[in-house]
Amino acid sequence: IEQRASMWIGLLSQGDWKSKELLALFEWEADALVRIAVIQKLDATSPKDKKVRKILAGALSRTNDYVRLAAMKKIAEIDWDEMAELLNEIMVSVLDRTSVYSNPNNMLCEAAKLAAEIAYPSSVQVLTRILEQETANNLATTYALDALIAIGKKHGLKVVQKGLEAGLFVEGVTGFESRSERLRQKAEKALNDL
């Protein structure tokens, strides 16, 4: 397996690969390092390619956290609204407690962090839900608020107002009172500045 994976990784580093070839290799080869190399080879500037989406969606459904994280990072590089939907699906599955991830909160945090990079309005509802459902001891609330602010800067206050208002009421737990206060202050400042 190691020799085969090494061979594929070497071949992936050479020349151009079509998305259909990358998809075939991704589906055939189970090795995580090869799958990560396939994801990294995807062209983020190509036109909306259904095969690219299929690879990324397939990576998100795999059990390997590293493959999933590589896919999430590639998603943030691609400027398609469909990519935001993939991140939203991750966040919803974690919040609904239906994800199959071994570290679901890590996936929630990473997805919320990347939602700030792509700043699509379609993420507002699930980011608001993070603020309403999670407490200040979960770092996902900080990332969700940052993402809402990034979306607000790009698309205006009206799009994110309800979410920012949810940030005013994030509950703290013992030992995390200062974090909940910082979240409230940040949300209040964003409501005034946007």
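Select W17 to begin: this residue is partly exposed, with a relative accessible area of 22% (buried means under 20%, exposed over 50%, and partly exposed in between, using a 1.4 Å probe and protein chains only). The model is predicted: local features need pLDDT of at least 70, side-chain atom pairs count only at pLDDT 80 or more, and totals for chains, interfaces and linings use all residues. Residues are numbered from 1 along each chain as its sequence is written, and side-chain values use heavy atoms, with hydrogens and water left out.

The structure holds 2 aromatic pairs (rings of Phe, Tyr and Trp, the last by its six-membered ring, pair if their centres lie within 6.5 Å; planes under 30 degrees apart count as stacked, over 60 as edge-to-face and the rest as tilted). The W8 and W17 rings have centres 6.4 Å apart and planes at 70 degrees, so this pair is edge-to-face.

Now select W28. Its ring centre lies 6.1 Å from that of W8, with the planes at 70 degrees, so this pair is also edge-to-face. The pair links distant parts of the chain, 20 residues apart: W8 belongs to helix 1 (residues 2–12) and W28 to helix 2 (residues 19–28). Helices are DSSP runs (H or I) of at least four residues, numbered from the N terminus. W28 is exposed, with a relative accessible area of 55%. Display W8, W17 and W28 together to view one aromatic cluster.

Proceed to F26, where R35 lies over the face of the ring, at 4.9 Å from its centre. Finally, select Y120: the charged end of K154 sits over its ring, 5.8 Å from the centre. A charge sits over a ring if NZ of Lys or CZ of Arg is within 6 Å of the ring centre and within 35 degrees of the ring normal.

Notes: Helix = DSSP H or I, 4+ residues; strand = E, 2+ residues; numbered from the N terminus.
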